[in-house]
Amino acid sequence: MSTESLNKIIRNRKTIYPTQFSEKEIPENIINEILENAIHAPTHRMTQPWFFRVYKGKSKDVLCQIIEKIDKEKYSSIKINKFIEKVKLSDTILSVCMTRDKNDRVPEWEEIAAVSMAVQNIWLSCYVNNIGSYWSTPSLKEEYAKHAGLNKNQKSLGFFFMGSYVHHETPKLREGLDSKVKWV
Ligand SMILES: Cc1cc2nc3c(=O)[nH]c(=O)nc-3n(C[C@H](O)[C@H](O)[C@H](O)COP(=O)(O)O)c2cc1C
């Protein structure tokens, strides 16, 4: 692959929200390819802290049922309904989880960093596969963790919504290198 291609992928990847997705189905083998890229992310001491639950097709109803169990006194029905609406508009939703190393061999932030790198691999892979996607980290994720039966050593780091989308090249909002880099 050329440097230009890699630059283009990285610089054009964008957050695409579920209202922008089309209804075209994403084949399961593409989802698996994308997840394979996820698990090739770097990991300190090979703890490989990433874990994904995949909700697609009928199992999207399972995710909705879990979210509906959330205490309405803690989270408003408006927030819960908005989440369910996003699930319905998406082809696939990944529940992004971090499994903490049992022996605490690395600090937690390094495990979160490794999972985040896996998510970036997913995000870039979505871009080249004509999939729109976004990482959502609502506060209800802790309640989700409870009701979805995540292990004690697992944490929810949010949800990754995916749906078919043809990407356009539009300018990206970023401050320039001048304010972010200092050559010493
Ligand atoms: C760790 C993380 C958590 C995020 N959580 C949310 C979220 O809860 N809701 C949301 O709308 N966007 C969320 N985003 C997406 C950002 O809003 C988005 O990446 C940012 O606006 C930059 O746009 P871009 O992805 O198109 O470059 C999250 C991004 C990251 C990296």
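Colleague: By class, which residues make up the shell around the ligand?

Modeller: Three nonpolar, three polar and one charged. This is a predicted model, by the way.

Colleague: Which residues surround the ligand, by name?

Modeller: Lys-14, Thr-15, Tyr-134, Trp-135, Ser-136, Thr-137 and Pro-138 surround the ligand.

Colleague: OK, step back. How many helices and strands does the protein chain have?

Modeller: Six helices and four strands. In sequence order the pattern is α-α-β-α-α-β-α-β-α-β.

Colleague: And what is the radius of gyration of the protein chain?

Modeller: The protein chain has 17 Å. A compact globule of 184 residues would have a value near 16 Å, so the two agree. Along the principal axes, the C-alpha atoms fill a box of roughly 50 × 45 × 35 Å.

Colleague: What percentage of the residues count as buried?

Modeller: 29% of the 184 residues.

Colleague: What share of the contacts comes from residues 24 or more positions apart?

Modeller: Counting contacts with a separation of 6 or more, 82% of them are between residues 24 or more positions apart.

Colleague: Let's talk about H5. How many residues does helix H5 have, and how far does it reach?

Modeller: Helix H5 covers residues 108–128, which is 21 residues. From its first C-alpha to its last it reaches 31 Å, close to the 30 Å expected at 1.5 Å a residue.

Colleague: Which residues of H5 are buried?

Modeller: Glu-111, Ala-114, Val-115, Ala-118, Val-119, Asn-121, Ile-122, Trp-123, Ser-125, Cys-126 and Tyr-127.

Colleague: What comes after H5, with a positive phi?

Modeller: Asn-130 follows H5, and its phi is near 55°.

Colleague: Now the core. How many residues does the largest nonpolar core have?

Modeller: It has 36 residues. Val-96, Val-115, Ile-122 and Phe-160 have the most contacts inside it. The elements giving two or more residues to this core are H2, E1, H3 (59–68), H4 (77–89), E2, H5, E3 and E4.

Colleague: Which element gives the most to this core?

Modeller: H5, with eight residues. In soluble globular proteins, nonpolar side chains tend to be buried together.

Colleague: Take Val-96, then. Which residues is Val-96 in contact with, leaving aside neighbours within four places in sequence?

Modeller: Val-96 is in contact with Phe-52, Val-115, Val-119, Leu-157, Gly-158, Phe-159 and Phe-160.

Colleague: Change of topic. Where is Arg-45 found?

Modeller: Arg-45 is in the loop between helix H2 (28–38) and strand E1 (50–56). Its phi is positive, about 60°, although Arg-45 is not a glycine. Most residues other than glycine have a negative phi.

Colleague: Is Arg-45 buried or exposed?

Modeller: Arg-45 counts as exposed because it has 12 C-beta neighbours inside 10 Å, and the cut-off for exposed is 12 or fewer.

Colleague: And what is the phi of Met-46?

Modeller: Near 55°, a positive value in a residue other than glycine. Met-46 is in the loop between H2 and E1. Met-46 is exposed, with 10 other C-beta atoms within 10 Å.

Colleague: What about His-44, where is that found?

Modeller: His-44 is in the loop between H2 and E1 too. With 14 C-beta neighbours inside 10 Å, His-44 counts as partly exposed.

Colleague: Which residues is His-44 in contact with, leaving aside its neighbours within four places in sequence?

Modeller: Val-106, Glu-110 and Ala-114. His-44 and Ile-112 are 68 residues apart in sequence, and their C-alpha atoms are 11 Å apart in space.

Colleague: Last one, Leu-150. Is Leu-150 buried or exposed?

Modeller: Buried, because Leu-150 has 20 C-beta neighbours inside 10 Å, and 20 or more is the cut-off for buried. Leu-150 is found in the loop between helix H6 (141–147) and E4.

Colleague: What does Leu-150 touch, not counting residues up to four places away in sequence?

Modeller: Leu-150 touches Cys-97, Ala-145 and Ser-156. Trp-183 is 33 residues from Leu-150 along the chain, and their C-alpha atoms are separated by 44 Å.

Terms used
Residues are numbered from 1 along each chain as its sequence is written. This is a predicted model: local features need pLDDT of at least 70, side-chain atom pairs count only at pLDDT 80 or more; totals for chains, interfaces and linings use all residues. The radius of gyration is taken over C-alpha atoms; the globule rule is 2.2 Å times the number of residues to the power 0.38. Two residues are in contact if their C-beta atoms, placed from the backbone, lie within 7 Å. A residue is near a molecule or strand if its C-beta atom, placed from the backbone, lies within 6 Å of it. Ala, Val, Leu, Ile, Met, Phe, Trp, Tyr, Cys and Pro count as nonpolar, Asp, Glu, Lys and Arg as charged, and the others, Gly among them, as polar. The expected span of a helix is 1.5 Å times one less than its number of residues. A nonpolar core is a set of buried Ala, Val, Leu, Ile, Met, Phe, Trp, Tyr and Cys residues joined through C-beta atoms within 7 Å.
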